[in-house]
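Please read the following briefing alongside the sequence and the coordinates.

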Amino acid sequence: MRPVVPVREVMKKNVVRISADDTLWIVKEIMDLGSVRHIPVVDRGALVGVVSQRDLLRASLSNIIGISAEEQKIFLEGVRIAEVMSTPPRTIGPDEGIQTAARLMAENKIGCLPVVEGREIVGILTETDVLRYFALLPA
């Protein structure tokens, strides 16, 4: 049996956060520049949702009707994150085991878990982090 490894040892500690009042254009820019696929959404410091690359794609008209980049920017600037984010966010504590996190992600078909301690976001665990962890562990 493998030892229980806490999420805090696998999670990313530097977490980009975004406000529920921001627009999808800002999300697109952050995702493109920072190579991230999931961003926790906060309202007055409290975690209220998660916006993912999938949410961005679902909301983007360019995939459906082939609009120009400028038209896409105008459209995305008009969509508030609160309108498309996944809510309520599924979270995990930093001392929970990585196996528990993997199970939660698989059962809920989600690509990340914000890691919270009390009301504070202390990290984020993505499916890539989990896969990397299990791929490097000896059987």
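Helices (H or I, at least four residues) and strands (E, at least two) are DSSP runs, numbered from the N terminus. This is a predicted model, in which local features need pLDDT of at least 70 and side-chain atom pairs count only at pLDDT 80 or more, while totals for chains, interfaces and linings use all residues. Residues are numbered from 1 along each chain as its sequence is written, and side-chain values use heavy atoms, with hydrogens and water left out.

**Strands S2 and S3**
- Strand S2 (residues 38–43) runs antiparallel to S3 and is joined to it by six bridges, where pairing requires that DSSP finds at least two bridges between two strands.
- The hairpin that S2 and S3 form has two residues between the strands, and Arg44 takes a positive phi near 55 degrees there.
- Six of the seven residues of S3 are buried, so S3 is largely enclosed by the rest of the structure; buried means under 20% relative accessible area, exposed over 50%, and partly exposed in between, with a 1.4 Å probe and protein chains only.

**Ser52**
- Ser52 belongs to strand S3 (residues 46–52), and His38 stands opposite Ser52.
- Ser52 counts as buried because its relative accessibility is 12%.
- Leaving aside residues up to four places away in sequence, Ser52 touches Met31, Arg37 and His38, contact meaning heavy atoms within 4.5 Å.

**Strands S4 and S5**
- Strand S4 (residues 112–117) pairs with S5 in the antiparallel sense over six bridges, and Thr126 in S5 is the bridge partner of Cys112.
- Two residues lie between S4 and S5 in their hairpin, and Gly118 in the turn has a positive phi of about 70 degrees.
- Strand S5 (residues 120–126) has six of its seven residues buried, so S5 is largely enclosed by the rest of the structure.
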